[in-house]
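Please read it alongside the sequence and the model.

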Amino acid sequence: MTSRRNAYLCMTSSILLSTAAQLCMKASMLLIAQHHGEGLEFFDRLFDPVVFGWLFVGLVSYAMSMLFWLFAIARLELSLAYPMLSLSYVLVYVVAVNWPLLNETVSWTRSFGILVVVAGVILIVHSEHHRRKRDEKMTPTTVNTSQK
Amino acid sequence: MNNYLLIMLALVFTTSGQLLQKMATMRVVTKADSPGFISQVLVFKETYLAIACLASGMLVWLVVLYHMEVSKATPFLSLGFILVTLVSRYQLKETVTASRWLGVILVTIGLWMVSLS
């Protein structure tokens, strides 16, 4: 089942890249805000090498995540792939509360919400895995063709 | 215009964008891992409509954020997961099992909680 495994790899890449994109863009905007009060205009600050570096990496990651997303949905059902994207919100939260630069606050409601999201995605992927296994048992020919 | 109507409009644009992206990839005959995949996707009008929808969705969302507090507006974005599942089921004729529905509902509730606080 290499094509399907590839689709899941594309899915994972898309999730990781969109997480990186959000975090890098946020980091660049935070660095701009930190320069505030030095009398520089927004665009002067934007083209500071470090600020622009974060922004550039963010935008490139964003574009790449969209490309990988396209590869993923070419193989997977939309109703299977789309909910998996929510894992990116989970990763953004985990990094945002642990990365000193962003320093976002942890809250019980948020952390619980994150766990509910993870549970939902696990349920979707797990049930899909079982459904496919069962289908392969019922029609052994699909197992043979998929091993090519 | 009413803010909630604008939020719905943003959701409709984003959902249509996802649907059209999927429809574009479904029209491609080569395998997704082959190098010609992207150039083939770029042939179909669905791809450009998808880009237009996603861009419009983003634009309407910015208008929403201009009028509303982020924390009040973002919980509604989680409804997009339900909308995408509905179009997958009724437009793309995908089989959405009970556990997949339950998973989508958990994701929606979870994201709602995250964006509330």
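1. B:N3 counts as partly exposed because it has 15 C-beta neighbours inside 10 Å. On this scale a residue is buried if 20 or more other C-beta atoms lie within 10 Å of its own, exposed if 12 or fewer, and partly exposed in between, with C-beta atoms placed from the backbone. The model is a predicted one: local features need pLDDT of at least 70 and side-chain atom pairs count only at pLDDT 80 or more, whereas totals for chains, interfaces and linings use all residues. Residues are numbered from 1 along each chain as its sequence is written, and chains are lettered from A and ligands numbered from 1 in the order in which they are written.

2. B:N3 is part of helix 1 of chain B. Leaving aside neighbours within four places in sequence, the contacts of B:N3 are B:V64, B:H67 and B:M68; two residues are in contact if their C-beta atoms, placed from the backbone, lie within 7 Å. Between the C-alpha atoms of B:N3 and B:L62, which are 59 residues apart along the chain, the separation is 12 Å.

3. Chain B has 6 helices and 0 strands, where helices (H or I, at least four residues) and strands (E, at least two) are DSSP runs numbered from the N terminus. Its C-alpha atoms fill a box of roughly 45 × 35 × 25 Å along the principal axes. Of the 117 residues in chain B, 34% are buried. Among its contacts between residues at least 6 apart in sequence, 70% join residues at least 24 apart.

4. Where do the two chains meet? In all, 32 residues of chain B are in contact with 30 residues of chain A. On the chain B side, helix 1 (3-27), helix 5 (80-90) and helix 6 (98-116) each give two or more residues, and helix 6 gives the most, with 13 residues.

5. The largest nonpolar core has 51 residues, and A:M11, A:A72, A:I73 and A:A81 have the most contacts inside it. Such a core is a set of buried Ala, Val, Leu, Ile, Met, Phe, Trp, Tyr and Cys residues joined through C-beta atoms within 7 Å. Helix 1 (residues 2-34) of chain A gives the most to this core, with 11 residues. Not counting residues up to four places away in sequence, A:I73 touches A:L78, A:A81, B:Q21, B:K22 and B:T25. A second, separate core of 6 residues includes B:A10, B:V60, B:W61 and B:V64.
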